[in-house]
Amino acid sequence: ETEEPQEGCLEAPYGSYPNSPYTPLCSGTAESITEGDYGYFGEFSRVNVTEGTEYIFSTDVATAYITISDAAGTTVITTGTGSVTWTSTLTGVIRYYTHENEECLASDEWVDRMIQCGEIVPPPSNDDCANAIAVSCGETMTGSTVSATNSGGNTSADVFYTFTGNGIAQNV
């Protein structure tokens, strides 16, 4: 009887980035492991995980193929495309690989490896245009885009506000 080939991509022609293991804050929001820089497809990050904690691994490329393995990079723990959710069965270091596809395509195209854990922070109430918050002339608004989505078609999270004038010229 032959053994089925192991699913997942453990090849890393571009090595590891960053050099030190990343320890997530587990604040409930997605954290960039690649520190605002970008890693490559065909590269991995070492991540400190805690047994019993749920982690969401994702990238800024929705079609990226993700493989999570043991610290040595010899045993696949879980895989997926776009995003992978895994509850850790160990406390220690794992490897978080990114490839362009399930065929383990590596390239020097940039990809931002992200991780999320902790109580998930809900998106702001005005995360979508349909729920924009009305503001009046002279009113000051404060807020945050933490946990907001990219629903406005730009490259960043966004929130929405509306202003309706009264027909008379106003400085807004």
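Q: Is Cys117 buried or exposed?
A: Keep in mind that this is a predicted model. Cys117 counts as buried, with a relative accessibility of 1%.

Q: Which cysteine is Cys117 joined to by a disulfide?
A: Cys26, with an S to S distance of 2.0 Å. The link is left-handed, at -90° about the S-S bond. Cys26 lies in the segment before S1 and Cys117 in strand S10 (residues 113-117), so the pair ties together parts that are 91 residues apart in sequence.

Q: And what does Cys26 count as, in terms of accessibility?
A: Partly exposed, at 28% relative accessibility.

Q: What's phi like at Cys26?
A: Positive, near 55°, in a residue other than glycine. Cys104 also has a positive phi, about 65°, and is not a glycine either.

Q: Where does Cys104 sit?
A: In the loop between strand S8 (92-99) and strand S9 (107-111).

Q: How many disulfides does the structure hold?
A: There are 2. Besides Cys26 to Cys117, Cys9 and Cys104 form one, with their sulfur atoms 2.1 Å apart. That link is left-handed, with -85° about the S-S bond. Cys9 is in the segment before S1 while Cys104 is in the loop between S8 and S9, so this pair ties together parts 95 residues apart in sequence.

Q: Cys9, buried or exposed?
A: Buried, at 0% relative accessibility.

Q: What's the pairing pattern if you number the bonded cysteines in sequence order?
A: It comes out as 1-3, 2-4.

Q: Switching topic: which residues does a cis peptide bond join?
A: Tyr17 and Pro18, with omega at about -10°. Pro18 is in the segment before strand S1 (31-32).

Q: OK, now Thr59. Which strand is Thr59 in?
A: Strand S4, residues 54-59. Thr59 is buried, with a relative accessible area of 10%, and the cut-off for buried is under 20%.

Q: What does the side chain of Thr59 reach?
A: The backbone oxygen of Val61, at 2.7 Å.

Q: And which residues does Thr59 touch, not counting those up to four places away in sequence?
A: Ala64, Ile66, Gly82, Tyr96, Thr98, Val111, Asp112 and Met114.

How values were computed:
Residues are numbered from 1 along each chain as its sequence is written. This is a predicted model: local features need pLDDT of at least 70, side-chain atom pairs count only at pLDDT 80 or more; totals for chains, interfaces and linings use all residues. Side-chain values use heavy atoms; hydrogens and water are left out. Helices (H or I, at least four residues) and strands (E, at least two) are DSSP runs, numbered from the N terminus. Buried means under 20% relative accessible area, exposed over 50%, partly exposed in between (1.4 Å probe, protein chains only). A polar contact is a pair of N or O atoms within 3.5 Å; within protein, one must be able to donate a hydrogen and the other to accept it, and residues adjacent in sequence count only if both atoms are side-chain atoms. Contact means heavy atoms within 4.5 Å. A disulfide is a pair of cysteine sulfur atoms within 2.5 Å.
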